[in-house]
Amino acid sequence: MKKQSKFGGLRIGVKLALAFGIQSLLVFVMVSLAYSSSTQAISSNNRTKDERVPAMLAAAEAQDQLLRMQSSIRAYLIFGDDESRQEFEDAQVNFNNAMVELQTVLDSPELIADLQTDFDEILNVAGMMFALRINPMQNEPAQRILAQDASYSYESILDSIEKINVIQQDRDATEQHAKQLVLMTDFQRTFALMNSSLRRYVETGDSVHKFDYETYHNENEEIWTQLAAERDILEREQRNHLDNIIRRRDILEPLPQRMFEIVEGDRTRVDLYLFQTRFLPLINDIQGELDNIVENQIQLLENQLTTSSQTLTDTQIQILIGGGIALLLAIGLAALFQRSMALPITHLTETAVKVRDGDLSVQAPVETSDEIGTLARVFNSMTVQLRELIESLEDRVRDRTQRLETVATMGEQLNSILTLDELLQELVNQTQEKFGYYQVQVYLESANYLILTSASGAANTEKMVVEGHQIPINAKSSLVAKAARTADIVWVENVHNAEAWLANPLLPDTASEMAVPIILEGTVAGVLDVQSNQVASFDDADANLFRFLANQASVAIQNAKLFTEINVARQDAENASNLKTQFLSNMSHELRTPLNAIINMTGFVVDGVMGDVNEDQIDALNKTVDSGQHLLSLINDVLDLTKIEAGMMNIIFEDVDVDAVLNSVMSSGKGLVKNKPIDLQADFPAEGLPHMLGDKRRIRQILLNVLSNAVKYTIEGEIIVSAQAEETNIHIIVKDTGIGIAEEDYARIFQTFTQARNSLDNVVSTGLGLPISKQLVELHGGKIWFESEIGVGSIFHVLFPLSPPISDNIVVLDKNVETQQSIEA
Ligand code: ADP
C-alpha cells in the first residue's frame with residue numbers, strides 16, 4: 001500500500017473543515033485589512049473635510065482680515081477719516097470670528113493663545129496710533145519742541161529786540177545810533193524770517209524751508225555779532241534787553257538741530273513710527289503664524305493623503321499577496337483533494353463498474369484511511385460477500401432447480417394417476433423417496449376430522465392408514481390440525497423443544513415436522529405432513545416446495561374428482577346415445593319397413609297385380625302412395641336431422657362424377673315440374689365438370705332439395721340450373737323466377753321447422769330441407785347461400801370443394817374396393 005500523507009489520514013469532514021477554514025481565515029484577514037485601510041482612508045478624509053480644510057479656510061480668512069486692518073489703519077493714518085476707522089473695526093470683528101472658528105477646528109490652544117496675545121498687542125498699538133493721530137503735539141515731537149521749548153524764547157527775543165528798537169528810536173539821531181537802529185531792525189527781520197522758515201520746515205519737512213532757515217540764520221548771526229559788539233554803546237535798558245536776548249539765544253541754540261534731527265529722522269510722526277515699528281511687525285508675526293498654520297495643515301493633509309494612499313497601496317499589495325496565497329492554497333488543496341479524495345473515488349468507481357460488469361474478483365485500492373478508505377474496504381468485503389453469495393446462490397439455485405425438476409416430474413407422473421387413493425399414495429411415496437424424509441403422509445378432511453389417507457416412510461405406519469387414523473381438526477397439540485385450521489404452513493424446528501406437539505409412538509425418530517395445507521377451491525381439503533429425523537430440516541424454500549406439492553395434490557384431487565364425475569357423465573351419455581341409436585334403428589325398422597311395405601303393396605295394387613282396380617280406386621291408391629312417399633321422405637328427413645344433431649351422420653366420400661349427378665337431378669326436376677308453366681334449363685360446361693370427392697347420395701339430396709324448392713315456390717317462368725368449376729371448387733347455381741324471400745326472413749331459411757312468411761297455399765312445407773342441406777354441404781367442407789327478392793325470384797348457390805377436408809364420421813372409400821362398407825344404420 002502507498003504511504004499515506006498525514007492529510008490523507010484525516011477524515012473527509014476534518015479535511016474539508018481544515019481546507020475551508022484556512023481559506024476562510026485568509027479571506028477574513030484580507031477583508032479585515034481592506035476594511036481597516038479603508039477605515040483609515042475614510043477617517044483621514046473626514047479629518048480633511050472636518051478639520052484641515054476649515055482650519056485652512058479660517059486661517060486664510062484671518063489673514064485676509066489682518067490685511068484689511070493693515071490697509072484700513074494705513075488709510076486712517078494718512079486721511080484720518082472715519083470710514084477707514086470703521087473698516088478697521090469691521091476687519092477686527094471678522095478677524096475675531098475667524099479666530100473663534102480656528103479655535104474650534106484646530107486642537108492647539110497654545111497657538112491660539114499666542115495669536116491672541118499678538119492680536120491684543122496689535123489692538124493696543126492701533127489704539128495708540130488712533131490716539132496719536134488726533135493729537136499732533138504728541139504725535140509730532142518737532143512741533144512740540146517748536147511750540148513748547150522754542151516758542152517762548154522766540155517771543156521773548158522778538159519782544160526784547162522790539163524794546164531795544166523803541167529805545168533806540170528815542171535816542172539821539174546820530175549816525176551811530178541810526179546804524180545801530182538799522183542793525184536792530186535787520187536782526188528783527190532776519191530773526192522773524194529765520195523763525196518762520198524753521199516753523200515751515202518742521203511742519204512740511206520741505207528742505208527749501210530749511211535752506212531758507214539756514215540763510216536767514218547765517219544773516220541773523222552776522223547781524224547779531226555786530227549788534228552784540230556794540231553793547232556798550234547802548235543804553236542800560238537796551239543792554240538789559242540785549243542780555244535777555246543773549247540768554248534766550250543760548251536756550252534756542254540747540255533746538256533747531258534737535259528739530260532737524262526729528263524731521264529728518266524716522267520719528268517725524270509717532271503714529272507712523274508705531275505703524276512701521278510695531279504694528280507691521282506684529283501683523284507680519286500673526287501672518288507668519290497663520291501661514292504656519294496653513295502650511296502645517298497642508299503638511300498634515302499631505303501626510304494624511306500620503307499615509308492613506310500608502311495604506312491603500314499596502315493593502316492592495318497585501319490583498320494581492322493574500323489572494324496569491326489563497327490561490328496557491330486553493331490549487332494546493334485542489335491537488336490534495338484530487339489525490340486524497342477524487343482519485344480514490346475514481347478508482348472506487350472504476351472498481352464498482354467492473355463489479356457491475358460481473359468481475360467480482362477485483363478489489364478496490366485502499367488509498368486513504370478516511371471514509372473513502374473505509375468505503376473501499378467495505379466495498380471490497382461486500383464484493384467478497386457478493387462473490388460468496390453468488391457462488392452459494394448458484395449452489396442453492398442448482399439444488400432448488402433439482403428439487404423443482406423432481407417436483408415437476410412428480411407432478412407429471414401424478415397427473416397421469418386418476419384414482420385419488422393411488423395418487424395420494426404415489427405422492428407420499430415419491431416425496432419420501434426422492435427427498436429422503438423420515439415420514440411423509442397426507443390427511444384428508446372429512447366432517448371436522450383429518451383422516452390419514454396415505455403414508456410412506458417408517459415401516460409400520462401403513463397400519464395407521466388401514467386403521468383409519470384420524471385427528472380432530474380442533475386438536476390443539478397437532479401440527480397437522482393447526483395447518484388445517486389456519487390454512488397456512490406450520491413447522492417446528494425441533495419437536496422435542498416444541499410446547500405443544502403430538503407425539504406418535506409409531507414415529508419415534510421424528511425431530512422436525514412441517515405441515516402444509518392442501519387447499520382446494522379456497523377451502524382446506526387436507527394436509528401434507530412431512531417429518532424429518534433431523535432437527536431444523538425445513539426452511540422457507542422447503543415450505544415453497546411443499547406448497548407446490550400440496551398444490552399438485554390439490555390439482556390431482558380435483559382431477560381425480562373431475563375424472564370420476566366425467567366418467568359418470570360419460571356413462572350417462574353413452575347410455576343416452578345407446579337409447580338414441582336404439583330409437584333410430586327402431587324408427588328405421590319400425591316405421592320405414594311397414595311404410596315401404598304399404599307403398600310397395602299399394603303400388604302393386606295400382607299396377608293391377610292384385611286384380612283389377614277401377615279409375616277411382618287407382619286415383620285413391622295413387623294418393624295413398626304419394627302420401628306414403630311424403631311420409632317416408634319426412635321420416636328420412638327427421639332421421640337425417642337426428643343423426644346430424646347426434647353427430648352420427650356418417651358420410652362416405654368417394655369419387656363423384658358431378659355431371660352425372662347433375663343430369664340425374666335435372667331429370668328428377670323435370671318430373672317435379674310436370675305440367676307447371678316453368679321452363680327448366682340446364683347450363684353446364686360442354687367440356688364437363690371435374691370429378692370431386694364427396695358423398696354422391698348426399699350431394700344429389702342437396703341439389704334435389706334446392707331444385708325442388710325452386711319448383712315449389714315458382715308459379716311460372718323459368719328455372720336455370722348452372723354449374724361451373726372455379727379454382728378448387730365446383731359452383732352450382734339454381735335460379736328461379738318464383739315468389740322470392742323477404743329480407744326479414746333471410747335468417748329463418750336455414751332454421752329447422754321454419755318457413756318464410758311469404759308462401760304458397762298449395763305447398764306442403766316442413767322446414768327441414770334447407771337446414772339438412774346446409775349441414776350436408778358443410779360436412780363436405782362447402783357453403784350454401786342465396787340471393788332473393790320478393791316477386792322477382794331466388795338464386796341459390798352451392799359451393800363444393802373438389803377435395804373436402806376429412807374428419808370424423810367420414811369414411812373415404814377406395815375406388816378400387818368393390819364391396820362398400822356401409823356404416824350407416
Ligand atoms: P320446405 O320443406 O318448407 O321446403 P325448406 O327448408 O326446404 O323447407 O325451405 C324452407 C323455406 O324456405 C321454405 O318453406 C320456403 O318458405 C323458403 N324457400 C326455400 N326455397 C325457396 C325458393 N326457391 N323460393 C322461395 N322460397 C323458398
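Me: What makes Asp-186, Arg-189 and Glu-219 a network?
Reply: In this predicted model, Asp-186, Arg-189 and Glu-219 are linked by salt bridges. One of the links is the pair Arg-189 and Asp-186, with the closest N and O atoms 3.8 Å apart.

Me: Why is the contact of Arg-189 with Asp-186 called a salt bridge?
Reply: The cut-off is a side-chain nitrogen of Lys or Arg within 4 Å of a carboxyl oxygen of Asp or Glu. The N and O atoms of Arg-189 and Asp-186 are 3.8 Å apart, so the pair falls within 4 Å and counts as a salt bridge.

Me: How many helical turns separate Arg-189 and Asp-186?
Reply: About one, because the two are three residues apart in helix H6.

Me: Are Arg-189 and Asp-186 buried, exposed or partly exposed, and how do you know that?
Reply: Buried means under 20% relative accessible area and exposed means over 50%. Arg-189 has 38% and Asp-186 has 26%. Both values lie between the two limits, so both residues are called partly exposed.

Me: How many salt bridges does the structure hold, and which one links distant parts of the chain?
Reply: The structure holds 18 salt bridges. Among them is the one between the side chains of Glu-121 and Arg-278, at 2.0 Å from N to O. This pair links distant parts of the chain: Glu-121 is in helix H3 (residues 109–133) and Arg-278 is in helix H10 (residues 270–356), 157 residues apart. Glu-121, at 26% relative accessible area, is partly exposed, and so is Arg-278, at 31%.

Me: What makes Asp-271 a buried residue?
Reply: Its relative accessible area is 0%. The limit for buried is under 20%, so Asp-271 counts as buried. The side chain of Asp-271 also meets that of Arg-269 in a salt bridge, 2.9 Å from N to O.

Me: Why is H5 called roughly antiparallel to H8?
Reply: The axes of helix H5 (residues 141–170) and helix H8 (residues 236–252) come within 9 Å and cross at roughly 160°. That makes H5 roughly antiparallel to H8, because angles over 145 degrees are given that name. The crossing of H5 past H8 is left-handed.

Me: What makes H5 and H6 roughly antiparallel?
Reply: The axes of H5 and helix H6 (residues 175–204) come within 10 Å and cross at roughly 165°. H5 is therefore roughly antiparallel to H6, since the angle is over 145 degrees. The H5 and H6 crossing is left-handed.

Me: What makes the phi of Glu-727 worth noting?
Reply: Most residues other than glycine have a negative phi. Glu-727 is not a glycine, yet its phi is positive, about 50°. Glu-727 sits in the loop between strand S10 (717–726) and strand S11 (729–736). At 79% relative accessible area, Glu-727 is over the 50% limit and so is called exposed.

Key
Residues are numbered from 1 along each chain as its sequence is written. This is a predicted model: local features need pLDDT of at least 70, side-chain atom pairs count only at pLDDT 80 or more; totals for chains, interfaces and linings use all residues. Side-chain values use heavy atoms; hydrogens and water are left out. Axes are lines fitted to C-alpha atoms, for helices over the stretch in contact, and angles run from 0 to 180 degrees between N-to-C directions. Helices (H or I, at least four residues) and strands (E, at least two) are DSSP runs, numbered from the N terminus. Angles under 35 degrees count as roughly parallel, over 145 as roughly antiparallel, 65 to 115 as roughly perpendicular and the rest as oblique. A crossing is left-handed if the near helix is turned anticlockwise from the far one by less than a right angle, and right-handed if clockwise. Buried means under 20% relative accessible area, exposed over 50%, partly exposed in between (1.4 Å probe, protein chains only).
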